[in-house]
Amino acid sequence: MSYSRRWIAGLVGALTVAFAPAMLASQAGQATQAPIPLSQEFAPKPYTVAADDLIRLEFYNLASIDADMKTDYLVQNDGTILLKYVGAVRVHGMTTFEIQDAVLAALTPKIYREGVISVVATVTREREQRVDVQGFVNQPGEKRLGGTQMTVSRAIAEAGGYSSLAGEEVDVRRTVNGKTETISVTRTQLLAGEDPPLIAGDTIIVKQALVFFVNGEVNSSGQKAWSPGMTVQKALGLAQGMTAKGKLGHIMRPEKGADGQVLRYKKIKGLKPETPILADDELVITRKWWG
């Protein structure tokens with residue numbers, strides 16, 4: 001395989017994403033582009049109920065004959081709960097505070113005078129919702145999450161976690177009223193607890209890491225995930241070390257034009273364990289001719 005073909009092979013793996021120019025600049029040791037701040041569309045919102053949620057209604061000042069009204073209510077497929085004396089009360093799309101008002105409004109003209117009773121609503125079981133996890137995870141595809149699990153990090157966990165070539169950036173794509181918007185978060189932010197909430201239908205895309213290559217007399221050759229501070233020693237660790245016949249060879253480093261196309265390759269010799277490796281480099285471990 002020619003070096004130019006190796007360069008192309010390194011890019012083919014980016015199935016749904018392409019590197020931003022700022023990420024390519026990180027080959028020279030620069031930091032990746034800062035993530036886009038959460039927009040209004042992705043800001044946390046109060047939970048609103050829908051079919052298959054379970055709601056607990058706690059009534060106060062009820063007559064003893066109505067003690068059975070203090071119970072859990074399943075939200076039906078039509079978005080209603082079935083309430084004693086009233087029948088169907090629509091709660092779809094409401095917060096718990098709005099449900100309290102709706103229940104009191106329904107009961108007042110039927111059996112209880114206004115101000116006689118009070119009610120507190122809580123969601124005791126949240127419905128499962130579907131999101132799509134794509135990119136560099138171990139088990140991509142559609143995932144079903146409970147309401148309290150509707151976060152980016154939980155969705156990635158349900159997809160089997162990050163694959164070996166997963167990068168630092170994660171995109172969340174959402175379509176509301178025909179308008180699609182995307183935000184970016186980093187794995188570092190997710191670990192720090194900055195975990196954007198999801199809604200049904202969101203798509204989570206884990207981007208590919210910048211890569212480099214290790215070939216020759218190593219136990220695991222091929223494409224590897226690059227990270228800042230990568231050295232020959234760290235690269236050999238990712239390649240599970242040299243074989244018994246291996247010795248440090250050289251690095252083939254692509255030199256690119258302004259358009260990002262590879263113009264030529266520079267051969268770097270005299271390698272040491274601390275020699276830096278840049279994204280798109282190829283570390284070649286050659287064979288000993290003795291021993």
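User: Which residue in β10 stands opposite Asp 171?

Analyst: Welcome! Keep in mind that this is a predicted model. In it, Ile 205 of β10 stands opposite Asp 171.

User: What makes β8 and β10 a pair of strands?

Analyst: Two strands pair if there are at least two bridges between them. Strand β8 (residues 166–176) and strand β10 (residues 203–208) are joined by five bridges, so they qualify as a pair. The two run antiparallel.

User: Which sheet holds these strands, and why do β7 and β9 count as its edges?

Analyst: They belong to an open sheet of five strands with mixed pairing, in the order β7-β6-β10-β8-β9. β7 (141–146) and β9 (179–186) each have a single partner strand, so one side of each is left without a neighbour in the sheet. On average, neighbouring strands here are turned by 25° against each other, direction ignored.

User: What is the order of the three-stranded sheet, and why are β2 and β5 at its edges?

Analyst: That open sheet has the order β2-β1-β5, and its pairing is antiparallel. The twist from one strand to the next averages 30°.

User: How do you know that β1 pairs with β5?

Analyst: Count the bridges: seven of them join strand β1 (residues 54–60) to β5. The rule asks for at least two, so this is a pair. One example is Leu 54, whose bridge partner in β5 is Arg 125. A helix goes with these strands too: α3 lies across β1 and β5, running at about 130° to β5.

User: Why is the contact between Asp 52 and Arg 125 called a salt bridge?

Analyst: The label needs a side-chain nitrogen of Lys or Arg within 4 Å of a carboxyl oxygen of Asp or Glu. For Asp 52 and Arg 125 the N to O distance is 3.3 Å, so the pair passes. Asp 52 lies in the loop between α2 (21–24) and β1, while Arg 125 is in strand β5, so the pair ties together parts that are 73 residues apart in sequence. By this rule the model has 16 salt bridges.

User: What makes Arg 56, Glu 58 and Asp 72 a network?

Analyst: They are linked by salt bridges. Arg 56 meets Glu 58 with the closest N and O atoms 3.1 Å apart, and Asp 72 meets Arg 56 at 3.7 Å. Both values are within 4 Å, so both contacts count. Asp 72 lies in strand β2 and Arg 56 in strand β1, so their bridge ties together parts that are 16 residues apart in sequence.

User: Why is Arg 56 called partly exposed?

Analyst: Buried means under 20% relative accessible area and exposed means over 50%. Arg 56 has 25%, which lies in between, so it is partly exposed. Glu 58, with 26%, gets that label as well, and so does Asp 72, at 35%.

Key:
Residues are numbered from 1 along each chain as its sequence is written. This is a predicted model: local features need pLDDT of at least 70, side-chain atom pairs count only at pLDDT 80 or more; totals for chains, interfaces and linings use all residues. Side-chain values use heavy atoms; hydrogens and water are left out. Helices (H or I, at least four residues) and strands (E, at least two) are DSSP runs, numbered from the N terminus. Axes are lines fitted to C-alpha atoms, for helices over the stretch in contact, and angles run from 0 to 180 degrees between N-to-C directions. Contact means heavy atoms within 4.5 Å. Buried means under 20% relative accessible area, exposed over 50%, partly exposed in between (1.4 Å probe, protein chains only).
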